[in-house]
Amino acid sequence: MRGEQALRVALPKGRNFDSAVAALRGAGLDLPGIDVDSRRLVLAYPADGVEVLLLKDWDLPRYVEQGVADCGVVGSDVLEEVDGDLLVPVRLQAGGSRLSLIGHPGTLPAPGQQVRLATKFLTIARNYLATTPWSAEVVELRGSLELAPLLDLAEVALDIVQTGRTLREHGLVELQRVRDVTPCLVVNRSAYQRQRARLNDLFTRLEQAGVAA
């Protein structure tokens, strides 16, 4: 059971965890001992007046939309894929990445060409392909997307790129940048009505700390 006045915040157990925690600490929340590898999924911080849920990125918007969490941090890529009725009042400065078409050098499909494209971002892939002069059969994968062009499962893949180190280690390159991706603070609409003053104060402190875009 959550504390009577606790704000329940969902954090992603993925690439946005560190930037989310840093942003909340910049806004004045201490969150001592929080660890992405913790086996505990619900962490109480009475001194901060919050409870933290540690969730997988793709599940997090559902927990916020259904009111299990009042707010949370999730990537804009996941938000585009998971349709939900959420407020997005703040985007974070740190933790940005990009969603790019990747493959071997020189393999950007030519106009009129048909290829296979591996990705877990099905909605984004469909929207992207509607703008390209080439077409693709989309191959849905859930992880290790760079393996698809490496092992000839697909000619190209659509995946998140941060530093590009993994691509370089495997002889792959970014063929085309498709989307900039940012961590977003998302808020349940009913929770915003119940805790408007508290949430607005959090938004203001994130902006004052210089961690909000």
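A charge sits over a ring if NZ of Lys or CZ of Arg is within 6 Å of the ring centre and within 35 degrees of the ring normal. The exercises below apply to a predicted model.

**Exercise 1.** Determine which residue lies over the face of Trp58, and classify the pair that the rings of Trp58 and Phe121 form.

*Solution.* Begin with the charge: Arg142 lies over the face of Trp58, at 5.3 Å from the ring centre. Turn next to the pair of Trp58 and Phe121, whose ring centres are 5.8 Å apart and whose planes stand at 35°, so that the pair is tilted. Then place the two partners in the chain: Trp58 belongs to the loop between β3 and α2, whereas Phe121 belongs to the loop between β7 and α4, 63 residues apart.

**Exercise 2.** Classify the aromatic pair of Tyr192 and Phe203, and locate both residues.

*Solution.* The centres lie 6.4 Å apart with 20° between the planes, and planes under 30 degrees apart count as stacked, so this pair is stacked. Tyr192 is in helix α7 and Phe203 in helix α8, 11 residues apart. Tyr192 counts as buried at 16% relative accessibility, and Phe203 is buried as well, at 8%.

**Exercise 3.** Describe the largest nonpolar core and the contacts of Ile34.

*Solution.* This core has 30 residues, and those with the most contacts inside it include Leu11, Ile34 and Val52. Its largest share, five residues, comes from α1. Leaving aside residues up to four places away in sequence, Ile34 touches Leu11, Phe17, Val21, Arg25, Leu43, Tyr45 and Val52. A second, separate core of 17 residues includes Ile124 and Val181.

Key:
Residues are numbered from 1 along each chain as its sequence is written. This is a predicted model: local features need pLDDT of at least 70, side-chain atom pairs count only at pLDDT 80 or more; totals for chains, interfaces and linings use all residues. Side-chain values use heavy atoms; hydrogens and water are left out. A nonpolar core is a set of buried Ala, Val, Leu, Ile, Met, Phe, Trp, Tyr and Cys residues joined through side-chain atoms within 4.5 Å. Buried means under 20% relative accessible area, exposed over 50%, partly exposed in between (1.4 Å probe, protein chains only). Helices (H or I, at least four residues) and strands (E, at least two) are DSSP runs, numbered from the N terminus. Contact means heavy atoms within 4.5 Å. Rings of Phe, Tyr and Trp (its six-membered ring) pair if their centres lie within 6.5 Å; planes under 30 degrees apart count as stacked, over 60 as edge-to-face and the rest as tilted.
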